[in-house]
Amino acid sequence: MAEQRKKVTIQDIAREANVSISTVSRVLNNGAPVKSAKKELVLEAVEKLGYQPNVFAQGLASGQSKTIGVLTPYISSPFYGEMMRGIIEGLDGSNYSALFSEVFWSLEREKQAIQSLMARRIDGLITLGGESSAQALLKINNQIPVIVIGRTVPELSERCLRINDFAGAYAATKHLIDFGHRRIAHISGLSSHQDAADRLAGYRQAILDSGLQIDDNLIIEGEYSEKSGLIAVQSLVMRGQMFSAIFAANDQTAYGARLGLFRQGLRVPDDVSIIGFDDQPG
């Protein structure tokens, strides 16, 4: 069995650089100024000995872990993937890193993830959508800063980032109406999600403002996935519902809807027009 390499400590660096432990500590933690000659000796010793700082221990000592927890429904989602990439780019050069936790739109998983992240002494929390109640998020915000993306918590309004789902859905539906469509199906997101409810409301209002009648038979609840878009189209066709356009609550649903139309022998946009939501590159 190979001999396990001894972990290098700041005491080892102090001996190698022939300086005090406090000097090493100030250099490594960017504390009080250290004369350039001594600082150079410390940095040379760090490189020579291959010192790796104990980030967790430093966090305990400083009260900061330099880590931001991020809750995301799906890591593989193109929509949330863009957000996560933006978070990583935003943290670049800040000495902070992101710790991602996938919660699959499950309140129980979200609670467990939050407990795990808090145990790691994260310095802040970013939640992409999420199922936690406003009260739960406020309780966390009393301990660390919380940023909420994709929903609104009134008491944290200055830390909530979201788009106007109602206006976006209204514009998408009105666009189809302006092209002459009169029977427009809507494949929504989960009704328990505020963004899905707002997009449904925008769809309904656009139809009413255009002097048309809302047909609830043309509204199918999905779950923001390709599969739900496929199933929704199959359901509409099997029930004999006539439609010339589909407003899908997100682009992934639109992908699935297009596949569903293809399997039914319907062409896009020749037979049925489709518009999604999110503007994903695909």
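Predicted model: local features only at pLDDT ≥ 70, side-chain atom pairs only at ≥ 80, totals over all residues.
Residues are numbered from 1 along each chain as its sequence is written, and side-chain values use heavy atoms, with hydrogens and water left out.

Helices (DSSP runs of H or I, at least four residues) and strands (runs of E, at least two) are numbered from the N terminus. Axes are lines fitted to C-alpha atoms, for helices over the stretch in contact, and angles between N-to-C directions run from 0 to 180 degrees. Angles under 35 degrees count as roughly parallel, over 145 as roughly antiparallel, 65 to 115 as roughly perpendicular and the rest as oblique.

Helix α1 (residues 10-17) and helix α2 (residues 21-28) pack with axes 9 Å apart at an angle of about 110 degrees, and the two are therefore roughly perpendicular. Contact (heavy atoms within 4.5 Å) involves Ile 10, Gln 11, Ile 13 and Ala 14 of α1 and Ile 21, Val 24 and Leu 28 of α2. These residues comprise 6 nonpolar, 1 polar and no charged; Ala, Val, Leu, Ile, Met, Phe, Trp, Tyr, Cys and Pro count as nonpolar, Asp, Glu, Lys and Arg as charged, and the others, Gly among them, as polar. In the loop between α1 and α2 lies Asn 18, a non-glycine residue with a positive phi, near 60 degrees.

The axes of α1 and helix α3 (residues 36-49) come within 9 Å and cross at roughly 120 degrees, which makes α1 oblique to α3. On the α1 side, Asp 12, Ile 13, Glu 16 and Ala 17 meet Leu 41, Val 42, Ala 45, Val 46, Lys 48 and Leu 49 of α3. This contact has 7 nonpolar, no polar and 3 charged residues.

Between α2 and α3 the axes are 10 Å apart, at an angle of about 80 degrees, and these helices are therefore roughly perpendicular to each other. Thr 23, Val 24, Val 27 and Leu 28 of α2 meet Lys 38, Lys 39, Val 42, Leu 43 and Val 46 of α3. The contact divides into 6 nonpolar, 1 polar and 2 charged residues.

The second largest pocket has a volume of about 420 Å³. On a 1 Å grid over the protein atoms alone, a pocket is an open set of points where a 1.4 Å probe fits, with protein on both sides within 12 Å along at least five of seven lines, and lining residues have an atom within 4 Å of a point. Grid points are joined across faces, edges and corners, and the volume is the space filled by probe spheres set on them. Of the 20 lining residues, Gly 129, Ile 149, Gly 150, Arg 151 and Asp 195 are the closest to the pocket centre. Helices α5 (78-91) and α9 (194-209) are the elements that give two or more residues to the lining, which divides into 7 nonpolar, 7 polar and 6 charged residues.

The peptide bond from Val 268 to Pro 269 is cis, with omega near 5 degrees. Pro 269 is placed in the loop between α11 (251-263) and β9 (273-275).
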